[in-house]
Amino acid sequence: MKKALYSFAAVLVGLAAVSCSSVEKMAKQAENVIVKCNPEVLELIGGTIEPTVTVTYPKGYFQPKAILKVTPVIVYEGGEEAMEPLYYQGEGVKDNNKTVAKDGATITEKLCFNYKPGMEKSYLELRGIATIKKKSANLPSKKVADGLNTTCLLVKKDGTVSYKADNYQAFISQTAEGQILYTINSADVRGKELKSQSIKDFQNALDEINANERKTLKGTEVVAYASPDGGQDLNSKLSDKRAASAQKAWGKVVKGHEASDPEVKSIGQDWEGFQELVSKSDIEDKDLILRVLSMYSDPAVRESEIKNMSEVYSELKGGVLPELRRARFIANVEFKNYTTEELKALIEDNIDILDEEALLHSATLVKDAAKKIEIYEKAISKFNSARAQFNKGVALLEQDKVDAAANAFAKCDAADPDVKNAKGVIALRKGDLNGAAAIFKSISTCDAKANLGVINILQGDYAQAEKNLENACCFNKALSLILNNKLDKAEAAIKCQCPESNYLRAIIAARKGNADQAKACLEKAKACPELAKRAEKDIEFAAI
């Protein structure tokens with residue numbers, strides 16, 4: 001019996017020795033395990049780091065009774081981030097882990113880490129613990145990747161909301177005019193017509209043009225017409241005669257008032273004038289009149305219908321048609337608007353004289369954000385300007401006053417695509433990428449498409465980002481091309497010389513292996529302290 005006990009104890013000691021030697025053997029031979037990582041330099045995509053690691057265990061390495069716990073860890077300045085451990089087992093273990101045969105095997109794993117600031121300077125390692133029964137041994141850590149590429153984080157993600165444009169013109173075309181009326185079927189100019197209020201107003205306008213240094217008379221016209229209630233041939237000849245008589249009267253009208261010789265025109269039947277006067281009249285059935293006449297393309301038929309109507313509708317006969325038997329005296333004027341310097345002075349000293357377009361344009365001339373908003377508020381209060389209301393929201397966004405901007409946009413037309421885009425940008429600023437993307441997809445403006453491209457980059461869809469940013473500002477467009485490794489196109493897309501753009505140029509040069517150019521561009525980029533700090537840890541420049 002005693003001999004049997006000694007034999008049993010010897011077996012246990014032997015098994016323990018085998019277990020101990022087996023895990024130690026796995027630890028000692030860990031250098032024979034081949035580990036590869038794709039990509040070799042970690043890359044941040046869509047907020048996560050997802051390398052693929054391939055581990056090849058050689059024949060005879062993995063013990064049949066062994067369980068191997070492998071923990072992938074990213075080690076970086078300030079800490080480390082570990083994944084949930086991965087477990088593998090030998091052929092002799094009855095468990096639910098992946099089995100590695102003693103004859104060897106290759107196992108591929110897709111890893112996933114959440115990004116944390118500081119990981120730019122980091123490395124990925126695998127930490128293993130081999131266990132057989134109750135005996136364990138730590139395997140040497142295996143570094144499988146060094147550095148993290150975070151170029152995608154350069155994306156300008158504030159979103160694009162463009163100001164509503166003003167219609168301010170440096171020179172404005174204006175007209176001043178008067179007219180004389182003729183009796184039916186007559187081309188004689190009556191003396192009282194040359195003394196009418198219309199002619200007096202025209203003469204005063206000529207005087208004002210000559211006295212106003214901002215106005216330049218560019219030309220004059222005499223334009224004669226006939227009312228469309230007679231025969232076409234008759235009215236054409238009558239219009240010509242009225243043009244001739246009006247031309248003779250021109251000299252009397254402008255005598256003592258400086259004016260150039262007029263260009264004389266004969267229009268004939270005044271259909272446009274007829275439609276305009278009818279539409280502005282108080283005739284009860286004016287819409288019916290215009291609708292009926294629009295049915296006929298033959299001038300003769302329309303003339304007949306007008307004659308019939310003029311007998312039925314006294315307003316046509318007595319009010320509309322006589323106003324079309326006329327000749328117009330026209331002065332074409334060019335008005336020189338306020339210069340940039342004048343506008344800057346006026347918004348400080350006499351802002352009330354500016355019209356809506358001048359106010360909207362003046363706001364583009366000032367750099368001070370508070371002053372810009374003050375000008376928009378003036379346009380809102382004075383002209384109820386929808387564009388000023390929208391632009392106020394844009395100005396607030398530029399100051400990163402997101403809630404105040406949202407309140408400003410809430411007072412705009414919700415159906416306006418630009419307003420929808422602005423609300424999408426607010427969602428983007430607040431981190432609601434899905435909500436913002438839904439808004440941008442619902443509209444087809446250039447700004448919305450570019451903003452959707454920003455979300456594509458943030459979510460790691462670089463191919464779609466390139467498409468959406470095709471017509472966008474140079475920076476994000478160039479970045480999308482870099483992320484798709486289209487370096488020549490990216491370089492061509494960069495237009496400005498700001499530090500951010502030069503940082504992209506440095507990345508392109510470094511990827512092309514042009515160290516000198518990369519250094520030169522990087523020196524220009526370092527004018528921005530934030531970029532200078534980033535460059536110290538950026539894996540893009542590890543080789544220069």
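**Cavities**

I started with the largest cavity, and its space comes to about 140 Å³. The model I am reading is predicted. I then looked up how many cavities of 30 Å³ or more the structure holds, and the count is 2.

Which residues lie nearest the centre of the largest cavity? I found V33, Y57, V70, L139 and K142 there. They belong to a lining of 14 residues.

I sorted the lining of the largest cavity by class. I got 11 nonpolar residues, 1 polar and 2 charged.

**The second cavity**

I turned to the second largest cavity, which holds about 90 Å³ of space. I wrote down its lining: V53, V55, Y57, V70, L86, Y88, I107, E109, L111 and L126.

Which elements give two or more residues to this second lining? I found β4, β7 (86-89) and β9 (105-110). Here β4 gives the most, with 3 residues.

By class, I have 9 nonpolar residues and 1 charged in the lining of the second largest cavity, and no polar ones.

I checked two names against both notes. Y57 and V70 are among the residues nearest the centre of the largest cavity.

**A helix pair**

I moved on to helix α10, residues 369-383, and helix α11, residues 386-398. Their axes come within 8 Å. They cross at roughly 160°.

Are α10 and α11 roughly parallel or antiparallel to each other? An angle over 145 degrees counts as roughly antiparallel. The axes cross at roughly 160°, so α10 and α11 are roughly antiparallel. I also looked up the hand of the crossing, and α10 passes α11 in a left-handed one.

Then I listed who meets whom. From α10 I have K372, I373, Y376, E377, A379 and I380. From α11 I have A388, Q389, N391, K392, A395 and L396.

I sorted the residues of this contact by class. I got 7 nonpolar, 2 polar and 3 charged.

Technical notes: Residues numbered from 1 in each chain as written. Predicted model: local features only at pLDDT ≥ 70, side-chain atom pairs only at ≥ 80, totals over all residues. Heavy atoms only, no water. 1 Å grid on protein atoms, 1.4 Å probe; cavity = no way out; pocket = protein on both sides within 12 Å on 5 of 7 lines; lining within 4 Å. Points joined across faces, edges and corners; volume = space filled by probe spheres on them. Nonpolar A, V, L, I, M, F, W, Y, C, P; charged D, E, K, R; others polar. Helix = DSSP H or I, 4+ residues; strand = E, 2+ residues; numbered from the N terminus. Axes fitted to C-alpha atoms, helices over the stretch in contact; angles between N-to-C directions. Parallel < 35°, antiparallel > 145°, perpendicular 65-115°, else oblique. Left-handed = near helix turned anticlockwise from the far one by under 90°. Contact = heavy atoms within 4.5 Å.
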